[in-house]
Amino acid sequence: EDFNFSMCLSIVEHILSGRFLQMTFYQELQLNSAGSKALIRITRDKKERMRHILIYNFKVYLVVAFCFAAVTLFSMIFGNANSIAGVVVLLALLVLRQAHFGIHTSHGLLCIAGIFGILMTGPRLSNMVSPFAAFFINLICILLLMLLGCHNVIMSNHSTFVLSYLILQGYDVSGYSWMMRTAGLFVGMLLCMAVFYKNQKHRLHKREFKDLFHEFDPRSLRNRWYIKLTLCVSTVLLIASLLGIPRAMWAGIACMSVCLPFQKDLVKRAHIRWIYNILGCMIFLVIYAVLPKELHPMIGLLGGIGVGYSAGYPWQTVFNTFGALSIASGLFGAAGAVILRIATNAGAAFYTALMGSLIDRASDRLFCRE
């Protein structure tokens with residue numbers, strides 16, 4: 001669900017310079033799905049076009065295999081209950097290998113430490129207290145994740161870090177498993193720091209770590225969006241907790257995914273979210289009914305492959321339902337999981353559109369008075 005702005009700029013530069021069709025095998029592997037499809041679409045030579053198609057397919061399955069192997073290895077070391085923490089580390093690595101924080105590279109390491117510190121403690125603390133106390137913990141943690149990880153709105157780095165916070169909260173552990181989770185996240189943090197520093201050490205920035213906080217101004221559009229997303233996600237989690245809704249993280253993730261900076265885009269995204277979520281649920285039910293029971297765990301893998309082929313948000317939404325429903329169907333049954341998924345996503349999408357509008361109006365009255 002991230003928009004890789006730097007990669008799109010790279011594609012444009014290649015097109016303008018006439019070198020797009022001369023990309024190496026490794027360069028093509030670096031393209032996202034949208035970039036690969038664009039390359040295939042503009043290639044006229046059939047032989048070269050087939051080469052691009054083969055590389056694209058190879059890349060999709062290579063990424064899926066790498067993710068599966070990495071998460072499996074993480075689970076073997078830190079326990080099966082912490083496989084989700086392996087996913088978090090992998091997501092962070094995929095982002096931080098290209099993204100930066102708009103500040104000195106050495107100061108960016110502080111951002112990574114802060115982000116992982118929140119991921120180690122925030123989800124566990126929020127599950128140890130009452131819903132209202134958890135609400136304030138979520139407010140603080142999510143706002144800090146936005147401040148530390150979202151210097152460039154277009155790059156959508158926040159979606160990775162807030163998503164990680166929510167899934168760690170949803171798949172909570174305690175005792176020894178939490179200690180192992182913390183150890184795993186700490187190792188992941190060091191790995192992310194190493195990759196980040198290697199790739200960004202020659203990039204020059206004038207801004208420092210302290211500027212992330214000095215520049216915070218609730219009157220700016222970016223910071224108002226930080227506040228809006230934080231309030232929307234935190235309140236929807238509070239409502240879900242008070243109502244005793246299982247899988248409250250689904251509502252939080254849907255809310256985060258829908259909450260774009262501009263209200264017009266937010267409403268459009270909310271509309272897409274609930275429609276394609278329903279479509280994904282229906283496709284999941286068909287696959288679930290057709291496949292033998294022993295192959296049901298493979299549905300999540302099919303979803304991962306589908307996401308790899310998806311260049312846009314709608315179909316990413318469809319295939320992202322597979323993994324979530326594959327796990328939840330073991331707890332609620334296929335039909336129960338689908339009903340819960342549709343209800344939480346549609347409800348969260350509608351709530352975010354309404355809440356976002358109210359927050360924007362309140363902000364306009366508060367900060368835009370002449």
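Me: In this predicted model, is Tyr288 buried, partly exposed or exposed?
Reply: The relative accessible area of Tyr288 comes to 24%. Buried would need a value under 20%, and exposed a value over 50%, so Tyr288 falls in between and is partly exposed.

Me: How far apart are the ring centres of Trp315 and Phe319?
Reply: Both residues belong to helix H15 (residues 313-367), where they are four residues apart, about one turn of the helix. Trp315 is partly exposed at 42% relative accessibility, and Phe319 is likewise partly exposed at 21%. Their planes meet at 35°, so this pair is tilted, and the centres of the rings are apart by 6.2 Å.

Me: Which residues do ring pairs link into a cluster with Trp315 and Phe319?
Reply: Ring pairs join Trp315 and Phe319 with two further residues in one cluster.

Me: Where does helix H15 bend?
Reply: A straight helix of 55 residues would span 81 Å at 1.5 Å a residue, whereas the end C-alpha atoms of H15 are only 32 Å apart. Along H15 there is a bend of about 115°, and the residue at which this bend is placed is Phe332.

Me: Is Gln316 buried or exposed, and which residue has its backbone oxygen 3.4 Å from a polar atom of the Gln316 side chain?
Reply: Gln316 is placed in helix H15. Its relative accessibility is 10%, and because the limit for buried is under 20%, Gln316 counts as buried. A polar atom of the Gln316 side chain lies 3.4 Å from the backbone oxygen of Ser310.

Me: Which ring has the charged end of Arg269 over it, and which has Arg341 over its face?
Reply: For Arg269, the charged end is 3.7 Å from the centre of the ring of Tyr313. For Arg341, the distance to the ring centre is 5.0 Å, and the ring whose face it lies over is that of Trp250.

Technical notes:
Residues are numbered from 1 along each chain as its sequence is written. This is a predicted model: local features need pLDDT of at least 70, side-chain atom pairs count only at pLDDT 80 or more; totals for chains, interfaces and linings use all residues. Side-chain values use heavy atoms; hydrogens and water are left out. Buried means under 20% relative accessible area, exposed over 50%, partly exposed in between (1.4 Å probe, protein chains only). Rings of Phe, Tyr and Trp (its six-membered ring) pair if their centres lie within 6.5 Å; planes under 30 degrees apart count as stacked, over 60 as edge-to-face and the rest as tilted. Helices (H or I, at least four residues) and strands (E, at least two) are DSSP runs, numbered from the N terminus. A charge sits over a ring if NZ of Lys or CZ of Arg is within 6 Å of the ring centre and within 35 degrees of the ring normal. The expected span of a helix is 1.5 Å times one less than its number of residues. The bend at a residue is the angle between axes fitted to the seven residues ending there and the seven starting there. A polar contact is a pair of N or O atoms within 3.5 Å; within protein, one must be able to donate a hydrogen and the other to accept it, and residues adjacent in sequence count only if both atoms are side-chain atoms.
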